[in-house]
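The following report covers helix packing and overall dimensions. The structure comes first, then the description.

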Amino acid sequence: MSRNNRSPLVDRVTQAANTALAAQGYVSPVEVLVGIRWIDPGTVKRWQQGQIDCLEAAMQTNPSRITEAMELFRVWAAQNQLIPSETQYVARTPQRQTLRFSRGGDPKIEAFYGTHWISPALSEKKRERLAEQANRPPDLVVVQPLKHEWTCHRCGGTGDFLVMENAGPACLHCVGLDDLEFLPRGDALLTRRVRARSARSAVVVRFSRTRERYERQGLLVEPHTLAEVQQQLEAREHG
Ligand SMILES: [Zn+2]
């Protein structure tokens, strides 16, 4: 056991909360749990991708200890006069389901886990921006496969794009994104405008064998939003 693991829980919670607060101006229960190493960032990521039922189930820690840590965090936040900001946690999946934190799913406990605590030292404008960023749903990721020989695990079909699900790759039709249109990267202004206005969008990536990593190829966006923004930009150019 490391020295950090032996120190009393109150010290560990306080240290984790202070570190997150100093780094970003706010702190969330999930970050405290990561900070005291009861859950690792990789597991949180899988939970965000909808691959884990609830966050508590992914922790090895005794449920009463989790409750204790969260109560210590609540007291710390009150003592520091932090400002609560309720935050939507939705999965990085086409269904955008609400993520569950606790085993029981009690609304009060869920609300506590979903509350971010913001530093009162920040300006009101900055606090609003932080809250807005936290509530923005995470990007959906769609893969442009290198080979066209792939099979949708749901319908047996295939296509130009796929979404990785727990059970395997799925086609855009099966995940309900087949009405979206591909907008290749290149036009930064157009991309930014369409993305801001498209109620649904996804980031398209493709694996680069030479660079050994996924690279952004563009976006899938709503066709009518794309057409509208294109028209506006053209009108502006000629007006
Ligand atoms: Zn399919």
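Predicted model: local features only at pLDDT ≥ 70, side-chain atom pairs only at ≥ 80, totals over all residues.

## Helix packing and overall layout

Residues are numbered from 1 along each chain as its sequence is written.

Two packed helices are described by the angle between their axes and the distance between the axes. Axes here are lines fitted to C-alpha atoms, for helices over the stretch in contact, with angles running from 0 to 180 degrees between N-to-C directions. Helices (H or I, at least four residues) and strands (E, at least two) are DSSP runs, numbered from the N terminus.

| Helix pair | Axes come within | Crossing angle |
|---|---|---|
| H2 (residues 9-24) and H5 (residues 63-79) | 9 Å | roughly 55° |
| H9 (residues 188-197) and H10 (residues 223-238) | 9 Å | roughly 135° |

H2 passes H5 in a right-handed crossing (left-handed if the near helix is turned anticlockwise from the far one by less than a right angle, right-handed if clockwise). On the H2 side the contact (C-beta atoms, placed from the backbone, within 7 Å) is made by Leu-9, Val-10, Val-13, Thr-14 and Ala-17, and on the H5 side by Glu-68, Ala-69, Leu-72, Phe-73 and Trp-76. By class, this contact has eight nonpolar, one polar and one charged residues; Ala, Val, Leu, Ile, Met, Phe, Trp, Tyr, Cys and Pro count as nonpolar, Asp, Glu, Lys and Arg as charged, and the others, Gly among them, as polar.

H9 and H10 are likewise oblique to each other, and their crossing is right-handed. H9 contributes Leu-190, Arg-193, Val-194 and Arg-197 to the contact, while H10 contributes Thr-225, Leu-226, Val-229, Gln-230 and Leu-233. The classes are five nonpolar, two polar and two charged residues.

The protein as a whole has ten helices and nine strands. Its C-alpha trace spans about 60 × 50 × 40 Å along the principal axes. The domain assignment, which is automatic or from a database, gives domain 1 (3-135) and domain 2 (140-238). The C-alpha centres of these two domains lie 31 Å apart. Among contacts between residues at least 6 apart in sequence, 55% join residues at least 24 apart.

Key. Contact = placed C-beta atoms within 7 Å. Parallel < 35°, antiparallel > 145°, perpendicular 65-115°, else oblique.
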